Amino acid sequence: MNIVLVGNPNVGKSVIFNSLTGSYVTVSNYPGTTVDISRGIGRFGGQKFSVIDTPGINSLEPTSEDEKVTRDIVSRGDVSTIVQVADSKNLKRSLMLTLELAALKIPLVLNLNMHDEAAERGIKIDTKLLSGRLGIEVVETVAITGEGITKLKDALLRAKVPNPDILPQARDRSGKRFDAIGMLHKRSRAVDNLLKEAVSVSISLKKDIAETIGRFTIRPISGIPILMLIIIFMYLFVGRFAAGTAVDFFENTVFGRVVNPFFINFADKYIGINILKEFLVGDYGIITMALTYAFAIIFPIVTAFFLFFGVLEDSGYLPRLSILSDRIFKTMGLNGRAVLPIVLGLGCGTMATLTARILDTKKERILVTLLLALAIPCSAQLGVIMGMLGSLSARALILWLAVLLLVMITVGFAASKVIAGERSPFIQEIPPIRMPQAKNIFVKTFARLKWYLKEAVPLFVLGTAMLFIFDKTGLLKLLEKALSPLVVTLLGLPEKATEAFIIGFLRRDYGAAGLYVLSKTGALDKIQVLVSLIVITLFVPCVAQFFVTVKERGIRTACIIGAFVFIFAFLMGGVLNSVLRYLVLTKGIAVL
Ligand SMILES: Nc1nc2c(ncn2[C@@H]2O[C@H](COP(=O)(O)OP(=O)(O)OP(=O)(O)O)[C@@H](O)[C@H]2O)c(=O)[nH]1
Ligand SMILES: [Mg+2]
């Protein structure tokens with residue numbers, strides 16, 4: 001038995017999926033969280049079901065790639081039941097889709113979710129009447145509290161093919177077929193009739209605080225200060241607290257005093273073979289470098305960032321940010337919807353590259369993929385960088401931010417002229433501002449940390465092993481010499497910084513951590529810190545992101561993007577190096 005969850009974007013499909021299957025897929029308060037299908041097993045009524053979660057759709061006629069995924073699933077022929085998850089607050093939009101789904105003649109259950117929010121707004125739905133008219137089970141739920149889930153499971157066992165009488169006629173009296181617009185019109189009339197009978201709204205005079213806050217975040221005059229407050233708060237929490245206090249504790253106390261001495265001692269005593277000992281606890285040791293960077297430096301930072309980001313995602317702020325910044329994105333040939341993948345890129349560029357699927361045109365998808373590869377640091381990088389720059393000066397941090405913004409806007413602008421295609425119009429559903437749910441945030445952070453441990457840490461180990469081998473074979477010295485025109489002459493950095501770029505190929509955050517350690521030992525001056533950080537931020541995307549780019553955009557586009565980013569990063573670093581040296585050293589202007 002294949003059960004497929006289908007519905008408009010951001011209505012709670014993934015929460016329902018999680019409670020039917022007991023697994024966890026990401027839940028966030030913005031449309032476009034799910035861009036690919038997830039499968040799980042649900043057990044109820046003494047039976048076993050395969051349950052599928054899908055990306056949100058507004059119609060079975062797909063306009064973007066994630067919507068195509070859903071359309072393909074429901075038209076595949078092995079679907080035994082469709083559960084349409086609907087937002088009770090917006091029944092018109094939901095029922096428009098119901099009528100399309102009904103035409104598939106597959107057993108259907110209508111799940112009116114977000115019953116709590118509908119009730120708050122004085123919306124009352126006559127589910128009995130709706131169920132009678134549609135000829136299917138209609139169940140109200142509050143997915144986040146689990147209310148109604150048992151009823152939904154029962155209803156699933158009684159799923160029926162919808163009553164064909166509710167479907168608008170496809171042909172007129174003379175037997176001619178209606179076109180798409182004609183059908184839309186007829187469907188809309190049919191839905192209006194249903195709504196008239198089944199829904200009553202009692203006006204609630206309760207002035208909604210959340211709604212007021214929501215409006216403030218969109219208007220530029222209040223929205224920009226709010227955005228700045230959010231950035232400052234993020235800096236304090238991730239850059240100061242996590243990258244400063246927490247990293248100090250883990251690096252110096254936990255690893256510096258306890259973990260590393262223990263292993264070094266252990267290796268000294270029990271491991272006779274020198275090279276093996278160095279492999280574990282030497283300069284490029286798996287424990288002293290890979291695991292220390294991974295757990296003492298990056299782990300506290302990503303944890304803080306994921307927590308902060310989870311709150312942001314679940315509050316409903318991101319879709320509002322899209323609207324606030326639609327105008328800036330317009331100059332880059334994009335619309336405000338592109339904010340979502342870009343902001344998600346601050347969490348993880350790999351995931352964000354997948355989210356580019358929600359964009360309507362190919363041009364927009366390529367542009368966003370390019371910007372993600374070039375100018376958007378991922379969470380781990382961002383934390384390490386904010387920590388490093390923060391300890392330098394506030395001015396350095398602002399300069400770094402300004403350079404990135406400038407790069408993003410100019411490259412976006414130029415690329416939008418070069419890449420053929422269209423910018424699509426911007427229409428966006430805005431979900432309500434919601435109080436983030438602690439449980440969801442913890443579960444989500446936990447899932448992301450698990451991902452970090454599974455995907456990122458092995459790459460750190462690999463990178464360290466590479467450095468170790470390079471070092472032992474003398475290749476490292478050769479590479480440093482070979483790259484010296486780039487690293488030393490062009491960027492004005494010490495030779496040792498080459499290592500950070502080498503491991504940065506695998507993951508930029510690991511490279512950034514290398515620079516962090518280097519700067520702590522006093523090997524970099526202020527200009528060098530800023531230049532190296534700009535280069536590593538712009539520098540090639542991590543391996544995982546590169547592979548996803550290949551998968552999504554094709555090998556050719558991925559390689560062009562990769563090559564461009566690489567060259568651009570070093571050129572930009574070189575220019576910045578000369579300009580800063582000129583201003584600071586020759587003119588004595590205190591830029592940093
Ligand atoms: N108040 C309330 N919030 C809900 C309910 N169900 C889901 N939510 C919230 O709605 C938001 C969207 O939930 P998701 O499960 O990610 O929605 P989705 O339909 O999978 O969204 P896409 O994958 O983007 O199409 C999250 O913030 C949830 O916490 C509900 O019954 N009541
Ligand atoms: Mg989802």
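Predicted model: local features only at pLDDT ≥ 70, side-chain atom pairs only at ≥ 80, totals over all residues.
**Exercise 1. The shell around ligand 1**

Find which residues are closest to ligand 1, and which helix gives the most to its shell.

*Solution.* 
- Step 1. Start with the count: 28 residues surround ligand 1.
- Step 2. Pick out the closest: Gly12, Ser14, Asn29, Thr34 and Gly56.
- Step 3. Sort the shell by class. There are 13 polar, ten nonpolar and five charged residues.

**Exercise 2. The nonpolar cores**

Describe the largest nonpolar core, then look at leucine 533.

*Solution.* 
- Step 1. The largest nonpolar core holds 112 residues.
- Step 2. Ile298, Ile301, Val384 and Leu533 touch the most other members.
- Step 3. Helix α11 (residues 286-315) supplies the largest share of this core, 18 residues.
- Step 4. A second, separate core has 44 residues, including Val27, Ile57, Ile136 and Ala155.
- Step 5. Now take leucine 533. Set aside its neighbours within four places in sequence. Its contacts are then Ile385, Met388, Leu389, Trp400 and Leu515.

**Exercise 3. Helix α9**

Compare the span of helix α9 with that of a straight helix, then locate its bend.

*Solution.* 
- Step 1. Helix α9 (residues 220-270) has 51 residues.
- Step 2. At 1.5 Å a residue, a straight helix would reach 75 Å.
- Step 3. At phenylalanine 255, α9 bends by about 55 degrees.
- Step 4. Phe255 is also one of the buried residues of α9. What covers these buried residues includes α10 (274-281), α11 and α17 (379-392).

How values were computed: Residues numbered from 1 in each chain as written. Chains lettered and ligands numbered in written order. Near = placed C-beta within 6 Å. Helix = DSSP H or I, 4+ residues; strand = E, 2+ residues; numbered from the N terminus. Nonpolar A, V, L, I, M, F, W, Y, C, P; charged D, E, K, R; others polar. Core = buried A, V, L, I, M, F, W, Y, C linked by C-beta atoms within 7 Å. Buried ≥ 20, exposed ≤ 12 C-beta atoms within 10 Å, placed from the backbone. Contact = placed C-beta atoms within 7 Å. Expected span 1.5 Å × (residues − 1). Bend = angle between axes of the 7 residues up to and from the residue.
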